[in-house]
Amino acid sequence: MIASTQERTPARLALTAVCLGFVMITLDATIVNLALPAIGAEFAEPSTAALQWVVDSYTVALAAFLLTWGAAGDRWGSRRVFEIGTAVFVVASIACAAADSLPWLVAARAVQGAGAAALLPSSLALIVHQFPDPGARARALGVWGGISGVGLAAGPMLGGLAVGLADWRLVFAVNVPIGLIAIVLTRRFVTETTPHQRTRLDVVGQVLGTAALACVVAGFIEAGHAGWTDATTLVLVVAGVVAGIAFVVAEKVIAAPVLPLGVLKVRDFAVATAIGGLFNFCLYGTLFCLALFLQRMWHLGALAAGLALVPLTLAVGLNAFFSGGLTHRFGSRVPIIAGGLTALAGSAGLALLPQDRAPVPLIVFSLVFGCCSLAMPAMTSLAMNALPGKAGLAAGVLNAARQTGGAVGVALVGGLLPGTALWVVAGGYAGIVLLTGLLRRQSAGQSS
């Protein structure tokens, strides 16, 4: 028994290292939401569009560089890329905390996103490498997914606490000790994956993909305050579409594309990718809207608004942990459908919240909405199992889709009135439920 425990300890510490790095990614995607009014007040920037960029500069950079860093992990080793990403993330967090202007903060957030892009696919690849047994891997992915849920949902709460008790700069400074501990544990307990030196990097695809995503997101943000017929909005959206088309054409002819389009012909992987994009579109959009709604409509302070989101954060974190066991026992379909249906009901309820304070409905519908995270480890397990032997690629594509969905969610949903935005979110979760019908019966029901 003692020997067995000693053998498991390095694996647990390796998983801890990977999860510590990963929790910074998900935490920083949402932790600034309740800090946005304080940031806007300090820099005399009240517009929602400018504050959306504090969130989306991070998410756009994260989505844009995911595929390239996934390929880099395959080429140079995932542990090395994970360590580089963590170091970049820590340095960028220090720059965010020291920002003395909004452009500086937005630029530092983009560097944070680039570092996070190295962390995310390499963390998944390292879990696949560290846990070759399917059962142990499913449990590890459950923990990884649970950490993701905790980070995403706890972000607004912790951001509110930081602003209410100290200063908005604390939301970035907290990453420094977490990142340093992750680096130490990684170097001590995580084993390196086998490098594939023949893997090449696709610079053309990287540039076109980044341009497409940045222009489309900028166009959506611009449309939120200037309208869809505004010249700047139209130019940005058209430029994004043109860059997107050029990206697809380039990926068809480049020898080593950043996104091998053939993987999207694998039905389960394509479905998992679509579900991932819709999921983050809904979740990021909801958290952004609720953070502003509680402060601007209910006139809560940052600390009170953060505490008001505690039921949602607890529900998201707990259900993400439960999903790993459900996925291992029932396959991917059951937790994805359960998460989609409950989130649909929760977002519909949140859309009906009155402008006057109504804490009981907020708590009830937040708890229901928080069950959305049942789908998180399930979609991840589905994607990773759909492309055996291509962990870095699968992780990169899935999470690029998720972060793209999150960036678009903040840009598009964040520009709508809260009630309208949450009905859009409800429609997105209905789409997730419908997409599960496209899964192959065997893979959807088998143990992951």
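Accessible areas here come from the Shrake-Rupley method with a 1.4 Å probe, and for residues only the protein chains shown count as cover. On that basis, the accessible surface of the protein comes to about 16,900 Å², of which 71% belongs to carbon and sulfur atoms. This is a predicted model, in which local features need pLDDT of at least 70 and side-chain atom pairs count only at pLDDT 80 or more, while totals for chains, interfaces and linings use all residues. Residues are numbered from 1 along each chain as its sequence is written, and side-chain values use heavy atoms, with hydrogens and water left out.

**Overall architecture**

- The protein has 19 helices and zero strands, where helices (H or I, at least four residues) and strands (E, at least two) are DSSP runs numbered from the N terminus.
- Along the principal axes, the C-alpha atoms fill a box of roughly 55 × 50 × 45 Å.
- Of the 448 residues, 57% are buried; buried means under 20% relative accessible area, exposed over 50%, and partly exposed in between (1.4 Å probe, protein chains only).
- Among contacts (heavy atoms within 4.5 Å) with a separation of 6 or more, 85% are between residues 24 or more positions apart.

**Charge**

- The protein carries 24 positive and 17 negative side chains, with Lys and Arg counted as positive, Asp and Glu as negative, and His and the chain ends not counted.
- The centres of the two sets lie 14 Å apart, the place of a charge being NZ of Lys, CZ of Arg, CG of Asp or CD of Glu.

**Cysteines**

- A disulfide is a covalent bond between the sulfur atoms of two cysteines.
- With a disulfide defined as a pair of cysteine sulfur atoms within 2.5 Å, the count comes to zero.
- The cysteine sulfur closest to that of C289 is in C282, and the 11 Å between them is too far for a bond.
- C289 is itself buried, at a relative accessible area of 7%.

- A17 lies in helix α1 (residues 2–30) and is buried, with a relative accessible area of 0%.
- Apart from neighbours within four places in sequence, A17 is in contact with F82, A182, L185, T186 and V190.
- A17 and G437 are 420 residues apart in sequence, and their C-alpha atoms are 36 Å apart in space.
- A401 belongs to helix α17 (residues 391–413) and counts as buried at 18% relative accessibility.
- Beyond neighbours within four places in sequence, A401 is in contact with T273 and G277.
- From A401 to A274, the sequence separation is 127 residues and the C-alpha to C-alpha distance is 7.2 Å.

- A304 is found in helix α12 (residues 302–308) and is partly exposed, at a relative accessible area of 35%.
- A304 and V238 are 66 residues apart in sequence, with 41 Å between their C-alpha atoms.
- A421 is part of helix α18 (residues 418–435) and counts as buried at 0% relative accessibility.
- Not counting residues up to four places away in sequence, A421 touches C289, V413 and L416.
- The C-alpha atoms of A421 and V242 are separated by 27 Å, at 179 residues apart along the chain.

**Backbone at H299**

- Most residues other than glycine have a negative phi.
- In H299, a residue other than glycine, phi has a positive value near 55°.
- H299 is located in the loop between α11 (267–296) and α12, and counts as exposed at 60% relative accessibility.
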